[in-house]
Amino acid sequence: MEDVKTIIQEIVSSGGKIQTYAAKVIKINKEENSNHENPEEAYSVNVVRSDGAQINNVRLKASIQDKEQGVICIPKLNSWVFISIIETTETRAFISQYSEIDKIFLRIKSEEENRFFEVQTDVNSTSLLFKKGVEETGDSGDTQTTFKNITSVSFNGEQKDLAIKFWNEEGEKILHQTTVAHDKVETEFVNESNDIILQKTTLDATKVSVDFEIEGDEVKGYQALIDKENVIFKNSEKEIELHMTDKFKVEAGEKNLKTELDAFIDVVSKIVVVQGTSPDVGKLTEIKNNISKILE
């Protein structure tokens, strides 16, 4: 922030002379290597004044060296702005008023914990992000700050959804995320050690589904589906399924509960007792019919 202090001191000592001109934005100077890894970041623009003079690297914030925090309003390309020049030094030009804004970045830093709160917004979306700065030493021995995500909330008006994400301690993996869209809600929990999805829940107007232990495209745990026509619980790996429509269907491996009960009743019906009472075939037939109404 030393350059800002120097500028303020020079303004005060010189009587505060600042020249202001109308100018058109002809280039947004986006950061090629953004500290926060955001390709849309920009700290300066190039403009052409109404008299035809071009001025490059007009500041969008007080200190363009301090890129960790501050407020940045990025104007729309080809929009008109007011630029102010301090003490006729065009290299110290800054935008003092905007006519159109493309996007806004806001970052607040907590010095004690080296944590950041970031807001980014444009006409289609807004995101809120909590992150922390971690000091890391590069191969050349230089120390630089790497930013690790902690929690984010993003709204997308164009896609009509809200997304909430939580990262692990290292800020490298998303362990939990929930997306709320206009037509469905999805939630995922991820195992940090092996990246297997522990649970995925989907809810929309027609159904509720829950899957456990998803690895790639394969579901190894239990699955549950509830919609208007069906209630299904199954585990493909263990070959177990309970299916309910207007009847129940119960299967384990290649065995079907109704088929097994039907076979049992058929065997009992064929039993002939020489002495005593033989099975009531009529009653067994009635039971078999009742089972057919319950199971499939």
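The largest pocket in this predicted model comes out at about 550 Å³. A pocket here is an open set of points on a 1 Å grid over the protein atoms alone, where a 1.4 Å probe fits and protein lies on both sides within 12 Å along at least five of seven lines; lining residues have an atom within 4 Å of a point. Points are joined across faces, edges and corners, and the volume is the space filled by probe spheres set on them. Of the 25 lining residues, Glu118, Ser127, Leu129, Asn149 and Trp167 sit closest to the centre. Two or more lining residues come from each of strands S8 (115-122), S9 (125-137), S10 (143-156) and S11 (161-167), strands being DSSP runs of E, at least two residues, numbered from the N terminus. By type, the lining splits into eight nonpolar, twelve polar and five charged residues (nonpolar: Ala, Val, Leu, Ile, Met, Phe, Trp, Tyr, Cys and Pro; charged: Asp, Glu, Lys and Arg; polar: the others, Gly among them).

As for the ground rules, numbering runs from 1 along each chain as its sequence is written. Local features need pLDDT of at least 70 and side-chain atom pairs pLDDT 80 or more, while totals for chains, interfaces and linings use all residues, and side-chain values use heavy atoms, with hydrogens and water left out.

Arg107, in strand S7 (residues 101-110), counts as buried because its relative accessibility is 5% (buried is under 20%, exposed over 50%, partly exposed in between, with a 1.4 Å probe and protein chains only). Beyond four places in sequence, Arg107 touches residues including His36, Glu41, Tyr43 and Phe117, contact meaning heavy atoms within 4.5 Å.

Glu136, in strand S9, is partly exposed, since its relative accessibility is 32%. Its contacts beyond four places in sequence are Asp142, Thr143, Gln144, Thr146 and Lys148.

Further along, S12 (residues 174-181) and S13 (residues 184-190) pair antiparallel over five bridges, pairing requiring at least two DSSP bridges. They form a hairpin with two residues between them, and Thr178 has Thr187 as its bridge partner. S13 also pairs antiparallel with S14 (residues 197-204), over seven bridges, with Val185 opposite Leu203. Six residues separate S13 and S14 in their hairpin, where Asp195 in the turn has a positive phi of about 65°.

Terms used
Helices (H or I, at least four residues) and strands (E, at least two) are DSSP runs, numbered from the N terminus.
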